[in-house]
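Dear colleague,

I am handing over the structure below, and after it I set out what was found. Please read the notes with the structure open beside them.

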Amino acid sequence: VIGILVPDISNSFFSRIVRGIGAVTFKNGFSTLVCDSNHSVEKESRYLEILLAEQVEGIIFISVGQPNRDGLKRLLRRGIDVVVADRSVRGLPSVEADNKSGSYQLTKHLLQKGYHDIAYIAGPPEVSTASDRLSGFSAAIENAGLKPAAVLYGNFTYKSGYECAQEILRSSRVDAIMAANDLMAIGAIRAAEELGLNVPRDVGVTGFDHISLLEFVQPRLTTVHIPAYEMGKKAMKLFIQRGKGRVSKKKILLETKLIYGDSC
């Protein structure tokens, strides 16, 4: 049995990772136990204890933020291997996307389209994907000789994107908002509409992840594709390699792709 611990199973991005893991587990005779921490460090720590008690063979882990190191150490001491997907955890093998490069390219795209007053809605600073995406944005803005119009921190949810965008649009002069994931970008579009602004005529909006929900979003969102399904498959394959003693500590970095929409 393989434990899968994710921050939010309702987010289709994480669901795709789980499906990728499942594609490999099924072929290799494993079953899975999926746990949803719901963005709670407390729940995450409790689930690590539960998975230890359930005597799983290993865990594919997507952390909420900075995980419970003592809990992870107890797992490793008991011979339960842990492979990290999407978000890095120091000392553990991981499969991640090249978030910094993807964010840099997306910011350059906005700059080339003539946007200069760009605000950014970041994810939680303790999450590696959030800090990498913010770093890519900051590097591109700095290289263009500009400064961010504003930087606010959400928690990767629709609600936080909506609330941050409301604050940005009421208090700052911006011509575009970049969000660190698609759910926050959708929240930003909603906030702009409620303030009587048209996307993209009055303000451009971009996301990150390329979740399946976007096919129902208007205008079509400009975003960055993360190969979530492939990430899940590679994470499980990396776990199997560890079980055969072929991998100790390894980081696999997957390429991203810019998806052009109508939101900017």
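At what angle do helix H4 and H5 pack, and how far apart are their axes? Before the answer, please note that this is a predicted model, in which local features need pLDDT of at least 70 and side-chain atom pairs count only at pLDDT 80 or more, while totals for chains, interfaces and linings use all residues. Residues are numbered from 1 along each chain as its sequence is written, and side-chain values use heavy atoms, with hydrogens and water left out.

Helix H4 (residues 99-112) and H5 pack at an angle of about 40 degrees, with their axes 7 Å apart; helices (H or I, at least four residues) and strands (E, at least two) are DSSP runs numbered from the N terminus, and axes are lines fitted to C-alpha atoms, for helices over the stretch in contact, with angles running from 0 to 180 degrees between N-to-C directions. H4 and H5 are therefore oblique to each other, given that angles under 35 degrees count as roughly parallel, over 145 as roughly antiparallel, 65 to 115 as roughly perpendicular and the rest as oblique. The residues that make the contact (heavy atoms within 4.5 Å) include Ser103, Tyr104 and Leu111 of H4 and Arg133, Phe137 and Ala140 of H5. The residues of this contact of H4 with H5 divide into 6 nonpolar, 7 polar and 4 charged, where Ala, Val, Leu, Ile, Met, Phe, Trp, Tyr, Cys and Pro count as nonpolar, Asp, Glu, Lys and Arg as charged, and the others, Gly among them, as polar.

Among the residues in contact are Tyr158, Tyr162 and Leu169 of H6, together with Leu183, Ile186 and Ala191 of H7. The contact of H6 with H7 comprises 10 nonpolar, 4 polar and 2 charged residues.

Turning to the strands, an open sheet is formed by 4 strands in the order E7-E6-E8-E9, with parallel pairing; two strands pair if DSSP finds at least two bridges between them. Strand E7 (150-153) and strand E9 (204-206) are the edge strands, each pairing on one side only. Strand E6 (residues 118-122) and strand E8 (residues 176-179) run parallel and are joined by 4 bridges, and Ile121 stands opposite Ala179 in E8. Helix H5 (residues 128-143) lies across E6, E7 and E8 and runs at about 165 degrees to E6.

Some backbone details also deserve a look. Most residues other than glycine have a negative phi, and most peptide bonds are trans. A cis peptide bond, however, joins Val199 and Pro200, with omega about 15 degrees, and Pro200 is found in the loop between H7 and E9. Another cis peptide bond joins Gln218 and Pro219, with omega about -5 degrees.

Phe156 lies in the loop between E7 and H6.
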